[in-house]
Amino acid sequence: MNQGAANLFNQNFVEIGKEIFLQDTPLGRGGEGEVFEVVQPYSFRDYVVKVYHSQERTPNREAKIRYMIGHPPELQDELSIIWPQVVVYQEGVFVGFMMRRARGEHDLTILSSLKLSARLSSDWNRKFSRETEEGLNNRIKLCHNIAVVLQQLHQTGKYVLVDIKPENIKISLNGYISIIDLDSLEIIDRQNLLFSAQKLSAEYCPTEVKHLNFKSELIPETWDRFSMAVVFYKILFGIHPFAVTGAEPYKNLVSHEQKIQAGLFPHGSRANLIEVMPFPHENFKALPKNLQNLFLKSFDEGLYRPPLRPSTQDWIEHLQDAVINVQKYQSPFALRKRMHQDKFIFEIEKGTYHQVGSEWAWSSFLVFQLFNEVIIDNPYLGIPVVGGLVFVVANSYKYTQQIEFDLDEKILYIKYKNYFGMESSKKVKLDKLQATLSKNGKVLKLYKKIYGGRKEVAVIKLDKEGKNEKIIRVLKDGLERLNIQVTEPGIMPI
């Protein structure tokens, strides 16, 4: 529906007597419909209309919107939840609903990763930087504000959001929020399912997603408690709570959903089943004990026992006066100073991977810090070298200090030192990168595609003590998630 007229009705099908005209270009698009600005009459300029795609304009959808309009939650701030206000019809046919325009310049994803977006103003960096006491504790306040709004929705006893995630929360610089995309929630009455949820996001779902059909079965409010805790963890630490690499028998788990099912929370009772824990998780120790306990109840004690998960009221009470210990909280970018303290270190320093739908990506500046002892197997130079990845360039031996994937620029940076301590670096475009892994898994080679063939840029060998095995395995896994095929030696992918 473009800039045409539509009629407004209240929940009882009483025509309000207004025609509205919508902007030609939608503000946003989704799987269910499009959102348009109202351009006329002027009194509705603070409203938008969600126009469903034709296949979504079902009687059940219409009845659900009418129910929501007739049973709104009591809100302290009417813009904290963007609720349907009026049913919209065009030529007598249901097409969608009108709602208030959400406030907030950005959605919560800007604060849910390790690094603040470069497009944010200095005011955002000052208010929410993890480098400062003010920024960290403003993040605590933001979690508190989200819990307050969700509590008001849950207090109705009628609504379960099911699809709580940062993309559905708009945020203002002053910490006010607007929760959007509410028409996909679940509606219940006296524990009877009236209208099922329409959507969910796997990485924010609790373990019961495996045996509950969200489109036909009642989803309990404890589901939202888990999703809320995941959002809080990402706000405070910039990483998903289950973003780890599992040990046997969980080495092959790749998605957050799989790791949630396995209970691989790095601070919980199954931490012994985790092989690699990215550095940002260490900042968990900077939280006051009562907040640590709430996360443990959400992701460990209550993982398979939903009633044990903290409620919105539990979070509100403990977040009100919480203060992060800034001395214990370390910026992911400052942690590299600790890299030289241990003999063997493998860390993902600036980011971790996340699932978007069915596609895998890694957040920008995914860094592998690799330091370990490697023996160069060379009949002419049989001496040990302390370093990381061993490779040959122009017949000279070098070892890497760091491998860095810059996903914004789509470039792999390799920094090295040679045997005499001279530093150098190289960059390879990700679309020019190839890799091979020997059948025994002991040698991983990286290549740069060049005209007429490819050029070797790095060789990672399994040393005599097997210390490189983790590096080879995790790096191979990472390359494949970047859609870089890892083949057998001699095979050149097209």
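**Ground rules.** I count residues from 1 along each chain as its sequence is written, and side-chain values use heavy atoms, without hydrogens and water. As the model is predicted, local features need pLDDT of at least 70 and side-chain atom pairs count only at pLDDT 80 or more, while totals for chains, interfaces and linings use all residues.

**Entry 1, β8-β10-β11.** I looked up an open sheet of 3 strands in this order, with antiparallel pairing. Strands here are DSSP E runs of at least two residues, numbered from the N terminus, and two of them pair if DSSP finds at least two bridges between them. At the edges I found β8 (106-107) and β11 (177-179), each pairing on one side only. Between β10 (residues 169-171) and β11 there are 3 bridges, and Ile171 stands opposite Ile177.

I saw β12 (residues 186-189) joined to β13 by 3 bridges, with Asp189 partnered by Asn192.

Which residues gather in the patch of positive charge on the surface? I listed Lys427, Lys429, Lys432, Lys448, Lys449 and Lys455. A patch takes residues with over 30% relative accessible area and no salt bridge, joining like charges within 9 Å and nonpolar side chains (Val, Leu, Ile, Met, Phe, Trp, Tyr) within 5 Å. Strands β24 (423-429) and β26 (443-450) each give two or more residues to the patch.

How values were computed: Accessible areas come from the Shrake-Rupley method with a 1.4 Å probe; for residues, only the protein chains shown count as cover. A salt bridge is a side-chain nitrogen of Lys or Arg within 4 Å of a carboxyl oxygen of Asp or Glu. Lys and Arg count as positive and Asp and Glu as negative; His and the chain ends are not counted. The place of a charge is taken as NZ of Lys, CZ of Arg, CG of Asp or CD of Glu. Helices (H or I, at least four residues) and strands (E, at least two) are DSSP runs, numbered from the N terminus.
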